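Hi,

Here is the structure I promised to pass on. Have a look at it first, and then read my notes below.

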Amino acid sequence: MLEKAGSFRSKCDIEYTAGNDGTCSAQISELLFVRFASQLTIVASPLLGYLSGQKGNYFLSILMTVFMLIGLSLLVVSIHFGIDFLLYISLPFIGLASWSGGIL
């Protein structure tokens, strides 16, 4: 999805971008790093479990909804306007929403 949207296409050379529809190695490494940064949300799982135990499942479901809304909004803005650094923020929010849903 991100490759087709042209995320991190600015990392490629001008000649490569003009003559090829694929991805360059710099673009692939940035896309992999975004995925790796999103996987770091696993360390938040114990904190989310603690919040669920202290505040209840209703609070965690609201928190999950907020995380997902922020993540999806930033993802849409990032893809639509070509602001690549927002991917480093949006995908971890979506990851946090997934972990919250898994705890529920």
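What follows is a short tour, from the whole chain down to single residues.

First, the ground rules: this is a predicted model, in which local features need pLDDT of at least 70 and side-chain atom pairs count only at pLDDT 80 or more, while totals for chains, interfaces and linings use all residues. Residues are numbered from 1 along each chain as its sequence is written, and side-chain values use heavy atoms, with hydrogens and water left out.

The chain has 6 helices and 0 strands (DSSP runs, numbered from the N terminus: H or I of at least four residues for helices, E of at least two for strands). Of its 104 residues, 31% count as buried (under 20% relative accessible area; exposed is over 50% and partly exposed is in between, with a 1.4 Å probe and protein chains only). Residues 24 or more positions apart account for 56% of the contacts with a separation of 6 or more, a contact being heavy atoms within 4.5 Å. The chain exposes about 6,600 Å², and carbon and sulfur atoms supply 67% of that (Shrake-Rupley method, 1.4 Å probe; for residues, only the protein chains shown count as cover).

Now for helix α3, residues 25-39. Which residues of α3 are buried? They are Q27, E30, L31, V34, A37 and S38. These cover an arc of only 120 degrees around the axis, so they sit on the same side of α3 (the arc is that of the directions from the helix axis to the C-beta atoms). The face turned away from that buried side carries the exposed residues S25, L32 and R35.

Leaving out residues up to four places away in sequence, S52 touches N57, L60 and I103. L86 lies in the loop between α5 and α6 (87-103) and counts as buried at 11% relative accessibility. With the sequence neighbours up to four places away left out again, L86 touches L74, V77 and S78. The C-alpha atoms of L86 and L75, 11 residues apart along the chain, are separated by 7.0 Å.

Finally, I62 belongs to helix α5 (residues 57-81) and is partly exposed, at 39%.

Cheers
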